[in-house]
Amino acid sequence: MSEIKIIFIETDGTEKIVENAKLGATMMDVARANGIDGILGDCGGGCACATCHVYVDPAWQAVVGNPDEIEEMTLDMAGEVQANSRLSCQLVLNSEMDGIKVTVAPLV
Ligand code: FES
């Protein structure tokens, strides 16, 4: 397997499914390449802008794990942070994530 499926729910509730997300890419890069609304990735994946904020579906939280300290500090700049918040530029795709579902957080 070299590609996985990701289900994105945009802020207006639109579901977009990406079937060919490459392993090793970041979820932010996949979102931008596929025109997912609300994922800007302004800092290019440097964990510095929080414009790639997503909520990981609770069923997938154990797979992605928790943010590290630097990601948590950047998440503090984002609005509407929840327990399942992650910065999608910090989520490097692996085969265990096949079918993962995330909701795009509102930009503030
Ligand atoms: S792209 Fe800037 S923090 Fe993720």
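Predicted model: local features only at pLDDT ≥ 70, side-chain atom pairs only at ≥ 80, totals over all residues.

The side chains of Lys22 and Glu3 come together in a salt bridge with an N to O distance of 2.8 Å, the term being used for a side-chain nitrogen of Lys or Arg within 4 Å of a carboxyl oxygen of Asp or Glu. Because Lys22 belongs to strand β2 (residues 15-22) and Glu3 to strand β1 (residues 3-9), the pair ties together parts that are 19 residues apart in sequence; strands here are DSSP runs of E with at least two residues, helices are runs of H or I with at least four residues, and both are numbered from the N terminus. Lys22 is partly exposed at 48% relative accessibility, and Glu3 is likewise partly exposed at 33%, where buried means under 20% relative accessible area, exposed means over 50%, and partly exposed lies in between (1.4 Å probe, protein chains only). The areas themselves come from the Shrake-Rupley method with a 1.4 Å probe, and for residues only the protein chains shown count as cover.

Residues are numbered from 1 along each chain as its sequence is written, and side-chain values use heavy atoms, with hydrogens and water left out.

How many salt bridges does a search of the whole structure find? The search gives 3, one of them being the pair of Lys22 and Glu3 already described. Another joins Glu10 to Lys16, whose closest N and O atoms are 2.9 Å apart; in this pair Glu10 is buried, with 5% relative accessibility, whereas Lys16 is partly exposed, with a relative accessible area of 29%.

A further salt bridge is formed by the side chains of Arg86 and Glu71, at 2.7 Å from N to O. This pair links distant parts of the chain, since Arg86 is in strand β4 and Glu71 in helix α3, 15 residues apart. Are these two partners buried or exposed? Arg86 counts as buried at 6% relative accessibility, and Glu71 is buried as well, with a relative accessible area of 2%. The two side chains also make a polar contact at 2.7 Å, which is a pair of N or O atoms within 3.5 Å; within protein, one atom must be able to donate a hydrogen and the other to accept it, and residues adjacent in sequence count only if both atoms are side-chain atoms.

On the surface, Asp68, Glu69, Glu72 and Asp76 form a patch of negative charge. Patches are made of residues with over 30% relative accessible area and no salt bridge, like charges being joined within 9 Å and nonpolar side chains (Val, Leu, Ile, Met, Phe, Trp, Tyr) within 5 Å. Asp76, a member of the patch, sits in the loop between α3 (69-75) and β4 (85-87) and is exposed, with a relative accessible area of 65%. The loop between α3 and β4 also holds Glu80, which is exposed at 52% and has a positive phi near 55 degrees although it is a residue other than glycine.

A positive phi, of about 60 degrees, is found at Cys47 too, again not a glycine. Cys47 lies in the loop between α1 and β3 (53-56), but this residue is buried, at 9% relative accessibility.

Some distances between C-alpha atoms complete the picture. Thr26, in the loop between β2 and α1 (27-33), is buried at 14% relative accessibility, and its C-alpha atom is separated by 4.4 Å from that of Val92, 66 residues apart along the chain. Glu19, in strand β2, is exposed at 53%, and the C-alpha atoms of Glu19 and Ile7, 12 residues apart along the chain, are separated by 8.5 Å. Val30, in helix α1, is buried at 7%; Val30 and Ile70 are 40 residues apart in sequence and 22 Å apart in space, C-alpha to C-alpha.

Conventions: Lys, Arg positive; Asp, Glu negative; His and termini not counted. Charge placed at Lys NZ, Arg CZ, Asp CG, Glu CD.
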